[in-house]
Every structure is written in C-alpha cells, then in structure tokens.
Amino acid sequence: MKDWWQATFPEGRQTIIISDTHGHPVEIAYGEVGTGQPLFLLHGMGSWSYNWRHSIAPLSKHFRVICFDAKGYGFSEKPRLRREHNGHQVIELERIIQALCDQPAAIVAESLGGLVALALAQHNPQLVARLIVVNVPIFTERLPHWAMWILAKTPIEVLDTIDSLRLAYLFAPILREIMAIERRGVLFDPSLLTPEDVYWITYPFIEFPGTIVKVAEELQIAAQEIENWQLNKPNMLSQIQNNLGNIKCPTLIMWGDQDSWFPLSHGKKLHLSIPHSQLRILDNCCHDAATGSSAVINAAILDFLHKTNF
C-alpha cells in the first residue's frame with residue numbers, strides 16, 4: 001500500500017526535534033502542503049495526522065497546512081523510559097508551532113487536541129491567530145469509552161510487556177477488526193470507514209512498539225484529572241475551564257449533534273464561556289467529525305477564516 005505521507009505531502013513525512021517537558025530531545029513527525037498563512041491540524045486521543053485525511057488537500061489550496069503527530073502518537077517518537085507529566089501536550093504544542101512557523105497560526109483541533117489548543121490559547125495567545133475546535137472534552141465527567149477505561153486502569157508495566165512482546169503485531173487482524181468496529185461506532189454513517197482507513201488508523205498500534213503504552217499513559221492522566229476535578233482537588237481541567245473567558249482570538253466551535261462521547265450541551269456551554277465565539281452545530285454527526293462531516297467542516301473553516309480576515 002502506498003505510503004500515506006508520500007501520497008499526501010510534497011516532501012512526505014518530515015521530522016523536527018523539540019525539547020519535551022523533561023528537557024530531552026524528542027522527534028516529531030509532520031507533513032506540510034500549500035502556501036500562505038500557517039494552519040495547524042491537531043488530532044485527538046489515540047489518533048494521528050491521518051485523521052485529517054479529508055481536510056488536508058482542500059484547506060491547502062488556501063493555506064500552508066501543517067499536520068503533526070503529537071509525542072507518543074502516530075509516527076512521532078515514543079520515549080519508553082520517561083513518564084509524562086500533566087500538561088506536557090500544551091508545552092510541546094507551543095514548541096512545535098514555534099519550530100515550524102514564525103508568525104501566529106490558525107489552529108484546527110479535534111477532541112483532546114481541542115482541549116490542548118484551548119489551553120495554549122490561554123497560556124500563549126501570541127501563537128494563536130484563529131482557533132477552531134471540534135467536539136472537545138472540556139466538560140466531560142468520565143472517560144467516554146470502555147476501552148479507554150480499561151487502558152486507564154491497566155498497570156503501565158503490563159502494557160509495556162505487551163508492547164515488548166509485539167502482541168499487537170502478532171494479533172494484527174483481530175486488533176484491526178476491533179478498532180474498525182469501534183471507529184464505525186463514532187460515525188453517523190459507518191460505511192464511510194474504508195479498509196484502507198482501518199489499515200492506516202491501526203498502523204502505529206501494530207507497527208510501532210510503545211504506542212499502546214503512551215496512549216494508556218495519556219488516558220491515565222486524563223482519568224486522574226477527571227477524578228481530581230470531581231474531588232475539587234487542583235487540576236488542569238478546572239484551570240482551562242476557569243480561563244475560557246481569557247481567550248480573545250476569533251474562535252469557532254463545531255459540535256456534532258449526535259456526539260455520544262461529549263454531548264452538544266457541552267458545546268453550547270463552551271460557546272457561552274468564550275467571548276465572541278461562534279458555534280456551528282454539525283447535523284447528523286457523531287464524535288469523529290473529521291471523517292464523518294469533513295465537507296461541512298472544511299467549508300466552515302474556510303468561511304470562518306475568510307470572514308475573520310485570516
């Protein structure tokens with residue numbers, strides 16, 4: 001099967017080295033296409049740049065589109081001996097943007113990527129010219145899926161053993177089938193997910209040891225955040241919620257009306273919390289909006305950026 005990076009970006013998959021929150025160098029995979037103002041596409045939990053496959057070409061006709069895999073995801077490095085600190089994604093996003101462009105960028109972010117983008121817009125607003133978020137876990141009270149809960153409760157040492165034994169590789173057909181079922185479950189029209197999509201979505205989990213461990217780490221951090229929020233203990237989620245009013249850049253919020261992970265009421269609440277934000281409800285759309293409603297999302301992004309003079 002043709003390499004997705006080579007087929008999508010003129011220079012294929014590229015890499016940059018950034019310093020992570022531990023101060024160690026880490027290799028980040030990215031691709032870019034198009035010219036003009038920089039526009040970053042951020043993926044969600046357990047995903048990678050491929051999730052924006054339907055948006056890259058249409059948006060690149062108007063902007064310099066940059067996709068990257070967050071540390072631990074996709075084709076980016078997965079440090080195995082360093083455990084993550086809460087909030088590392090925000091610092092690393094900041095450093096990736098600074099490494100790849102020298103001007104404020106538009107950020108389009110889905111799910112967990114949207115939460116990270118909201119935090120960055122608060123922490124370093126100079127980097128964010130326009131913000132577009134889709135189906136964000138900003139007010140969630142639980143992990144939205146049973147598989148996430150299992151990974152969050154499984155000791156990292158056990159998952160490390162599974163990774164080191166390459167069990168995901170050995171049982172690749174079963175893993176692909178399970179993930180295909182689950183990914184179709186977050187699409188209003190499950191037939192949109194093709195066999196090629198399943199191959200690439202599962203590729204990092206099967207081919208790259210460390211992927212399962214790093215995703216599980218992020219889920220454990222998320223579970224702890226939610227628990228701390230429920231117990232009124234210090235947590236980053238509350239900090240982001242409490243500072244939504246400080247986001248000053250033009251912001252578009254898009255939300256699937258059928259999102260069973262994070263309901264539309266959360267999107268409406270987010271809209272009321274960010275001054276001068278806009279809310280676009282995506283009809284007949286579940287959680288995976290980048291796949292299920294790509295044409296509508298692409299048109300809304302272009303319209304929003306045009307009207308806000310980006």
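Helices (H or I, at least four residues) and strands (E, at least two) are DSSP runs, numbered from the N terminus. This is a predicted model, in which local features need pLDDT of at least 70 and side-chain atom pairs count only at pLDDT 80 or more, while totals for chains, interfaces and linings use all residues. Residues are numbered from 1 along each chain as its sequence is written, and side-chain values use heavy atoms, with hydrogens and water left out.

**View 1**
Two strands count as paired if DSSP finds at least two bridges between them. Axes here are lines fitted to C-alpha atoms, for helices over the stretch in contact; angles run from 0 to 180 degrees between N-to-C directions.

**View 1**
Strands E1 and E2 (residues 25–33) run antiparallel, joined by 6 bridges. Ser19 stands opposite Pro25 in E2. Contact means heavy atoms within 4.5 Å.

**View 2. The crossing of H5 and H10.**
The axes of H5 and H10 come within 8 Å and cross at roughly 95°. The two helices are therefore roughly perpendicular to each other. (Angles under 35 degrees count as roughly parallel, over 145 as roughly antiparallel, 65 to 115 as roughly perpendicular and the rest as oblique.) H5 contributes Met148, Leu151 and Ala152 to the contact. H10 contributes Ile212, Ala216, Leu219, Gln220 and Ala223. By class, this contact has 7 nonpolar, 1 polar and no charged residues. (Ala, Val, Leu, Ile, Met, Phe, Trp, Tyr, Cys and Pro count as nonpolar, Asp, Glu, Lys and Arg as charged, and the others, Gly among them, as polar.)

**View 3. The second largest pocket.**
The second largest pocket holds about 210 Å³ of space. On a 1 Å grid over the protein atoms alone, a pocket is an open set of points with protein on both sides within 12 Å along at least five of seven lines; a cavity is a set where a 1.4 Å probe fits but cannot get out; lining residues have an atom within 4 Å of a point. Grid points are joined across faces, edges and corners, and a volume is the space filled by probe spheres set on the points. H5 (146–153) and H10 (211–230) are the elements that give two or more residues to the pocket lining. The largest share, 6 residues, comes from H10. Among the lining residues are Glu141, Arg142, Trp149, Lys153 and Gln230. The lining has 5 nonpolar, 3 polar and 4 charged residues.

**View 4. The largest cavity.**
The count comes to 2 cavities of 30 Å³ or more. The largest has a volume of about 220 Å³. Of its 19 lining residues, the closest to the centre are His43, Phe68, Ala70, Gln89 and Val116. H3 and H4 are the elements that give two or more residues to this lining. H3 gives the most, with 5 residues. The lining divides into 11 nonpolar, 5 polar and 3 charged residues.

**View 5. The second largest cavity.**
About 40 Å³ of space lies in this cavity. Its lining includes Ile162, Asp163, Arg166, Tyr169, Phe205 and Pro209. Helices H6 (156–164), H7 (167–170) and H9 (195–207) each supply at least two lining residues. H7 gives the most, with 3 residues. By class, the lining has 8 nonpolar, no polar and 2 charged residues.
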